[in-house]
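Please read it with the model open.

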Amino acid sequence: MSMPLGYISPEQLMKDKAEYARKGITRGRSAAVLQYDDGILFVAENRSRTLHKISEIYDRIGFAAVGMYNEFENLRQAGIRLADVRGYTNARRDVTARGLANAYAQTLGSIFTEAHKPYEVELVVAEVGESAAEDQIYRLTFDGSVQDERGYVVMGGMADQVASALGRHYRQGSSLAEALRAAVDALGQQESGGHRDLEAGQLEVGVLDRNRNRSGRMFRRIQGAELERLLASTVESEEEPAAGTESGSPDSDSDDGQA
Amino acid sequence: MSSHLDGLGRLPSEFTTPGNSSFAEFLTRHNPDLLPGRRTLPGTVDAKDMRHGTTIVAATHADGVVMAGDRRATAGNVIAQRDIEKIFPADEYSCVGIAGSAGMAAEIVRLFQVELEHYEKIEGSTLSLDGKANRLSTMIRGNLGMALQGLAVVPLLAGYDPDAATGRIFSYDVSGGKYEEQGFYSVGSGSVFARGSLKKLYRGDAPEQDTVVALLQALYDAADDDSASGLPDVTRRIYPQVASVTADGLRMLGDNEIGALVDAILDGRMRRPDGPAAPVRDDA
């Protein structure tokens, strides 16, 4: 059977696109989303104070992303618009993470199959519930697939290494400080097997705190003095993990648009 | 289109269009029917078919600004509601009080609340108080058509301005004109009487609680002379609403707190029905 010149089979096309997207995502830095006793914690390695990877979407819903900044920022804004317009036409409690995750999945899925270039992003949409059992964490990948996660999720950068490190340290029902320490330790994993200590200035941290009740909005950023205090409180409480390498980042800041 | 998504469950293109942090502007592109003031009415609305909110007062003080409103809604000559709420928190540092058509007002306030929150989430920072005042102005202007047909909404915006470290008050007319007021202001059917009363009782350097009492006295004076404004309903324990905005944020005062102040005011009025007397000479 002869094929026209330049024919690419659908399998090959999808494989190429997936590989392209995956490569883009691993070039950036990692982000982790995990449950703690009072809610859901978002931690990302991010040196920028203004270009966020973590965001509030609605009362009980938060967002984290890795990959191309312009692409996930676009999706973040679309998510806020969808949540706000749904809350405006119905009622605030009718806005759910599941609905938002479905919209993202359909959107990412059609971009992946139809557009020339797939989005190089991975997202988490999380909703904090009345109790930890009712928390919802959805992970969305560039091709539009959705996974319903429990406990913790790691995406971007060296996601596999970070996830296995987090798996070793993560404990269900841990306090905010413990969960933050586990996440920061895991994000400090290096390809060489070494470890670097991430400082407050290199981290972007937010929580959906189920006990917070400021007009229903449960998301808040943890930054500045509060973040430093939280990081310090766990370092002194445990024996120094005595990780080998010094802090510092061999993968420099020049990561061409990859946040 | 209740899901707001396209036929395949995807986000339509207006959702992913970058560079717009206004929710109202987004609605004009996505679904303009959701905006207040977009409908055209077949004719003029008869005032007795609609609920109307009446008197709102606001005054600045040493640490910020307070706003108070009576609880009566009228429809023509009937008292339509005894416990209507006419003061709404707009965000953490501002509140809106509404006089005029209650239904339209509720819709405009809801849009304004979403507008401020939307901006905060998209931009990652809050609008300045002047920015908030201008956004409200645009929304009132959008309602001009309805206003001319009898559904006017006249809001009063009060907020704490962290840059100037003071409380500020903005009033509006039905065409969306925005006017910053100094010291104190009042809107609604009883506003003339309330403003006269406040003029005598207001002191810009007074502490928060004295200013709250001055506002409650002014509302009493408004209800004393305006049939559409309600006195505190002591038997049902329905008291005026009071919101206070300071550097610490917005606080709606609780019924117990307001009840105690109202009881003291009523006590005073038992002795002197016209309320506290202002000195005739400055040196007094």
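The points below go from the chains to the spaces in and between them.

1. **Basis.** This is a predicted model, in which local features need pLDDT of at least 70, side-chain atom pairs count only at pLDDT 80 or more, and totals for chains, interfaces and linings use all residues. Residues are numbered from 1 along each chain as its sequence is written, chains are lettered from A and ligands numbered from 1 in written order, and side-chain values use heavy atoms, without hydrogens and water.

2. **Chain A.** Chain A holds six helices and 10 strands. Helices (H or I, at least four residues) and strands (E, at least two) are DSSP runs, numbered from the N terminus. Of its 259 residues, 55% are buried, meaning under 20% relative accessible area, with exposed over 50% and partly exposed in between (1.4 Å probe, protein chains only). Take contacts in chain A between residues at least 6 apart in sequence: 68% join residues at least 24 apart. Contact means heavy atoms within 4.5 Å. The accessible surface of chain A is about 11,800 Å², and carbon and sulfur atoms account for 49% of it. Such areas come from the Shrake-Rupley method with a 1.4 Å probe; for residues, only the protein chains shown count as cover.

3. **Chain B.** Chain B has eight helices and 13 strands. Its radius of gyration is 20 Å, close to the 19 Å that the globule rule gives for 284 residues, so chain B is as compact as a globular protein of that length. The radius is taken over C-alpha atoms, and the rule is 2.2 Å times the number of residues to the power 0.38. The C-alpha trace of chain B spans about 70 × 45 × 30 Å along its principal axes. Buried residues make up 52% of chain B.

4. **The largest pocket.** How much space lies in the largest pocket? About 740 Å³. Closest to its centre, among 37 lining residues, are Arg221(A), Glu120(B), Gly124(B), Ser125(B) and Thr126(B). On a 1 Å grid over the protein atoms alone, a pocket is an open set of points with protein on both sides within 12 Å along at least five of seven lines; a cavity is a set where a 1.4 Å probe fits but cannot get out; lining residues have an atom within 4 Å of a point. Points are joined across faces, edges and corners, and a volume is the space filled by probe spheres set on them.

5. **Pocket lining.** β3 (54-58), α2 (69-89) and β10 (219-222) of chain A, with α3 (102-123) and α4 (129-142) of chain B, each supply at least two lining residues. The lining has 10 nonpolar, 11 polar and 16 charged residues. Ala, Val, Leu, Ile, Met, Phe, Trp, Tyr, Cys and Pro count as nonpolar, Asp, Glu, Lys and Arg as charged, and the others, Gly among them, as polar.

6. **Leu127(B).** Leu127(B) sits in the loop between α3 and α4 of chain B. Its relative accessibility is 14%, so Leu127(B) counts as buried. Beyond neighbours within four places in sequence, Leu127(B) is in contact with Leu116(B), Tyr119(B), Lys132(B) and Arg135(B).

7. **Cavities.** There are two cavities of 30 Å³ or more. α7(B) gives the most to its lining, three residues. That lining has seven nonpolar residues, one polar and no charged. The second largest cavity has about 30 Å³. Its lining takes its largest share, three residues, from α2(A).
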